[in-house]
Amino acid sequence: MSAEDLGHYLIAQLNDGNYHGVSVLSPAGISTLHHPDVPMPGSTNFYAMAWEVQHFQDVEVIRHNGAVPGYTTDMFLIPQKSMAIAMVMNTYSPMLGVRVSRVPSSVLRMLLGQEVIPGYEFLYMRIIYALVMLVPLLYLIAVLAMLRRIRFWQRSAQLPTRMQLARYIALSFLWNTAIAYILLVTLPIAFEANISTVILFQPDVGWVAVVSGIFAIVWGIISTGIGISLLRQTVKSPAIA
């Protein structure tokens, strides 16, 4: 639906079910739709039928909102002022979407002459987002550090000790396994979804998680293989071991 279509729908909601002289629903039906029947746990709001009854200070507001990947919608009915608002936005973010979701209610508060309540992203979500998006940089640093270490070993003509290699192999395996598991398994579980759903609703985080998780597996295999190869060389060189 376009914003104009939503406007026609809301006019019928405010006009006892009539739009341009055509009865869509009876006044009794509209009243039933808007009636606050069920209290919402932990809130002063009520559920109606597909609507939520709220109060913006002393003004009763009947609201319904929703979101799909890439889009956010919100609509308000203010019967005592014969006013309605519909907003459609071509953006949506489950992780960093507080300010986006606050836009419609902020517009309503401005129209009602009320103070706008600012919205800030949850700190833990910002931390998770930053950590996930930093993983590719961390892996770039890890790869460069590994190449530098190999070059050092080659130039010095001296291999590390068996204990150093064993520690490197173990840490590399555990680190990469943990990263892959967190990105591909734990992260989707935290959002009660699977990785394909995360990609659908939060594509930046989803794709970074998938690419980084796969790279963690591949790099874990490569780095472990390099470590094992060097360990075999030390076994053939007792003096170094």
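Trainee: Let me start with contacts. Leaving aside neighbours within four places in sequence, which residues is histidine 34 in contact with?

Mentor: Contact means heavy atoms within 4.5 Å. With its neighbours within four places in sequence left aside, histidine 34 is in contact with Gln13, Ala48, Trp51, Val53, Ile62 and Leu77. Keep in mind that this is a predicted model, where local features need pLDDT of at least 70 and side-chain atom pairs count only at pLDDT 80 or more, while totals for chains, interfaces and linings use all residues. Residues are numbered from 1 along each chain as its sequence is written, and side-chain values use heavy atoms, leaving out hydrogens and water.

Trainee: Good to know. In which helix is histidine 34 found?

Mentor: Helices are DSSP runs of H or I with at least four residues, strands are runs of E with at least two, and both are numbered from the N terminus. Histidine 34 belongs to helix α2 (residues 27-34).

Trainee: And is histidine 34 buried or exposed?

Mentor: Buried means under 20% relative accessible area, exposed means over 50%, and partly exposed is in between, using a 1.4 Å probe and protein chains only. Histidine 34 has a relative accessible area of 12%, so it is buried.

Trainee: How about leucine 231: what does it touch, not counting residues up to four places away in sequence?

Mentor: Leucine 231 touches Arg162, Leu165 and Ile169 on that count. Its place is in helix α7 (residues 203-235), and at 26% relative accessibility leucine 231 is partly exposed.

Trainee: On to rings. How many aromatic pairs does the structure hold?

Mentor: Rings of Phe, Tyr and Trp (its six-membered ring) pair if their centres lie within 6.5 Å; planes under 30 degrees apart are stacked, over 60 edge-to-face, and the rest tilted. The structure holds six such pairs. One of them joins phenylalanine 56 and phenylalanine 76 edge-to-face, with 6.1 Å centre to centre and 80° between the planes. Phenylalanine 56 lies in strand β5 (residues 52-56) and phenylalanine 76 in strand β7 (residues 71-78), so the pair ties together parts that are 20 residues apart in sequence. Phenylalanine 56 is buried at 4% relative accessibility, and phenylalanine 76 is buried at 0%.

Trainee: What is the geometry of the aromatic pair of tyrosine 139 and phenylalanine 215?

Mentor: Tyrosine 139 and phenylalanine 215 are edge-to-face, 5.3 Å centre to centre with 80° between the planes. Tyrosine 139 sits in helix α4 (residues 123-156) and phenylalanine 215 in helix α7, 76 residues apart, linking distant parts of the chain. Tyrosine 139 is buried at 6% relative accessibility, whereas phenylalanine 215 is partly exposed at 33%.

Trainee: Which residues do ring pairs link into a cluster?

Mentor: Tyr139, Phe215 and Trp219.
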